[in-house]
Amino acid sequence: VKLHMSTALVIGASGYIGNEIAKALRREGWKVYGSTRREEAVNELRKDEIIPVVAKEVSMESLGDIIRQCVVVVDSSGQSNFDAYNIMKTFLEKDPTVKRFYLYVSGVLVHGNTNGYIDELVVDSPESEMMG
């Protein structure tokens, strides 16, 4: 698998933050893979020239081959346990001459205290008690 210097993976590309990041990278000419857990998000990603990857989890099996090709991985899943970072780290250790960048972003503060799981299907609730 060849590493492309302007290839990125955005985990959570069908979510609010991840989608905007993926589209911004495309506008700058990057080849962008966008992971989503939702099959129905595939056409929207394709419409924005983002290569869709349906992955129910972040693992070497589901995303390892794509991460190996990328110099940038953006994790906007909002539930990261840094699996993507750990996968990227294995490739860094194999070839430390290649510079790679991992960015974790989260919009969890926008949702306030939901007392539960947050993903791209959760509707923002302004009445929610803000975390503080």
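This report walks through the fold, the nonpolar cores, the aromatic pair and the salt bridges of a predicted model.

## Ground rules

Because the model is predicted, local features need pLDDT of at least 70 and side-chain atom pairs count only at pLDDT 80 or more, while totals for chains, interfaces and linings use all residues. Residues are numbered from 1 along each chain as its sequence is written, and side-chain values use heavy atoms, with hydrogens and water left out.

## Overall fold

Let's start with the layout. The protein chain has five helices and five strands, and from the N terminus on they run β-α-β-α-β-α-β-α-β-α. Helices (H or I, at least four residues) and strands (E, at least two) are DSSP runs, numbered from the N terminus.

The chain has 132 residues, of which 44% count as buried. Buried means under 20% relative accessible area, exposed means over 50%, and partly exposed lies in between, with a 1.4 Å probe and protein chains only. The accessible surface comes to about 7,800 Å², and 53% of that belongs to carbon and sulfur atoms; these areas come from the Shrake-Rupley method with a 1.4 Å probe, and for residues only the protein chains shown count as cover. Among contacts (heavy atoms within 4.5 Å) between residues at least 6 apart in sequence, 55% join residues at least 24 apart.

## Nonpolar cores

A nonpolar core is a set of buried Ala, Val, Leu, Ile, Met, Phe, Trp, Tyr and Cys residues joined through side-chain atoms within 4.5 Å. The largest one here has 15 residues, and Leu9, Leu63, Ile66, Ile67 and Val73 touch the most other members. Strand S1 (7-11), helix H3 (60-69) and H4 are the elements that give two or more residues to this core. H4 provides the largest share, four residues.

For a closer look, take isoleucine 66: leaving aside residues up to four places away in sequence, Ile66 touches Leu9, Tyr33 and Val53. There is also a second, separate core of 13 residues, which includes Val10, Val71, Val72 and Val74.

## The aromatic pair

The structure holds one aromatic pair. Its rings belong to tyrosine 85 and tyrosine 102, whose centres are 5.4 Å apart and whose planes meet at 65°, so the pair is edge-to-face. The rule is that rings of Phe, Tyr and Trp (its six-membered ring) pair if their centres lie within 6.5 Å; planes under 30 degrees apart count as stacked, over 60 as edge-to-face and the rest as tilted.

This pair links distant parts of the chain: tyrosine 85 sits in helix H4 (residues 83-94) and tyrosine 102 in strand S5 (residues 101-104), 17 residues apart. Tyrosine 85 is partly exposed at 35% relative accessibility, whereas tyrosine 102 is buried at 16%.

## Salt bridges

Five salt bridges are counted, each a side-chain nitrogen of Lys or Arg within 4 Å of a carboxyl oxygen of Asp or Glu. One of them joins glutamate 49 to arginine 26, with the closest N and O atoms 2.7 Å apart. Glutamate 49 lies in the loop between helix H2 (42-47) and strand S3 (51-54), and arginine 26 lies in helix H1 (residues 16-27), 23 residues apart. Glutamate 49 is exposed at 53%, while arginine 26 is partly exposed at 22%.

Aspartate 65 and arginine 68 also form a salt bridge, at 3.0 Å from N to O. Both lie in helix H3, three residues apart, about one turn of the helix. Aspartate 65 is partly exposed at 48%, as is arginine 68 at 27%.
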